[in-house]
Amino acid sequence: MNLPSDSPVFSSADQLFMRRALDLAIHARDAEDEVPVGAVLVQGGRIVGEGWNRNITLHDPTAHAEIVALRAAGQKLSNYRFPGATLYVTLEPCAMCSMALVHARIGRVVYAATDPKTGAAGSVFDTLVSDRHNHAITTAGGLFAEQSGSLLREFFRARRSKSAGEL
């Protein structure tokens with residue numbers, strides 16, 4: 001199994017791209033009242049796709065930040081595979097997104113917060129890190145985990161508070 005190391009070393013480029021993913025997560029929350037998750041796909045040192053959660057806005061259960069970023073990159077590059085690319089995402093990918101990343105031949109996934117309910121990069125499921133796939137993706141988790149986790153906790157706390165007020 002290819003679990004993230006206990007204390008991965010993140011480069012200044014990793015930090016830069018994850019900050020952009022966090023900006024996109026904030027955009028999802030503020031502009032579209034979506035769950036604040038952002039994703040940035042980088043190939044050859046440049047951003048080729050960006051996304052944020054849009055499943056509520058688009059009425060599309062597949063419009064997770066990772067999928068939106070993959071679709072944007074596919075349109076930009078006229079391809080559906082991105083060998084050697086790195087995906088930066090503010091929340092550990094779910095099983096659906098993990099399989100899309102495997103099929104897209106992503107080389108590396110860097111995520112901020114683990115997802116204790118549906119994480120598929122080794123925390124709940126081993127989908128992204130399974131050695132059964134015909135393609136291996138390296139993973140590293142924990143970059144800006146506290147910032148991402150706080151965004152998510154505050155979002156859901158506000159949602160629960162709003163729902164309780166409507167009763």
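Ser78 is exposed, with 68% relative accessible area, where exposed denotes over 50%, buried under 20% and partly exposed the range in between (1.4 Å probe, protein chains only). Ser78 belongs to the loop between helix 3 and strand 3, helices (H or I, at least four residues) and strands (E, at least two) being DSSP runs numbered from the N terminus. The model is a predicted one, in which local features need pLDDT of at least 70 and side-chain atom pairs count only at pLDDT 80 or more, whereas totals for chains, interfaces and linings use all residues. Residues are numbered from 1 along each chain as its sequence is written, and side-chain values use heavy atoms, with hydrogens and water left out.

Although Ser78 is not a glycine, its phi is positive, at about 55°. Most residues other than glycine have a negative phi. A positive phi of about 55° is also found at Asp33, again not a glycine, which is placed in the loop between helix 1 (12-32) and strand 1 and counts as partly exposed at 36% relative accessibility. A further positive phi, near 65°, occurs at Arg105, which follows helix 4.

The sheet is open and consists of five strands in the order 2-1-3-4-5, with mixed pairing; two strands are taken to pair if DSSP finds at least two bridges between them. Strand 2 (46-52) and strand 5 (138-141) stand at the edges with a single partner strand each, so that one side of each has no neighbour in the sheet. From one strand to the next the twist averages 15°, where axes are lines fitted to C-alpha atoms, for helices over the stretch in contact, and angles between N-to-C directions run from 0 to 180 degrees.

Strand 1 (residues 38-43) and strand 3 (residues 86-91) run antiparallel and are joined by four bridges, with Val40 standing opposite Tyr88 of strand 3. Helix 3 (residues 65-77) packs on the sheet, where it touches strand 1, strand 2 and strand 3, and its direction makes about 140° with that of strand 2; contact here means heavy atoms within 4.5 Å. Strand 3 also pairs with strand 4, in the parallel sense and over five bridges, and the bridge partner of Tyr88 in strand 4 is Val110. Strand 4 is largely enclosed by the rest of the structure, because five of its six residues are buried.

In helix 4 (residues 95-103), the buried residues are Cys97, Ser98, Leu101 and Val102. Viewed down the axis of helix 4, these buried residues fall within an arc of 140° and therefore line one face of the helix, the arc being that of the directions from the helix axis to the C-beta atoms. Their cover includes helix 3, strand 3 and strand 4 (108-113).

The largest pocket holds about 550 Å³ of space. On a 1 Å grid over the protein atoms alone, a pocket is an open set of points with protein on both sides within 12 Å along at least five of seven lines, a 1.4 Å probe being used, and lining residues have an atom within 4 Å of a point. Of the 21 residues lining this largest pocket, the closest to its centre are Leu91, Asp115, Thr118, Leu152 and Phe156, while helix 5 (residues 145-166) provides the largest share of the lining, four residues.

How values were computed
Grid points are joined across faces, edges and corners, and a volume is the space filled by probe spheres set on the points.
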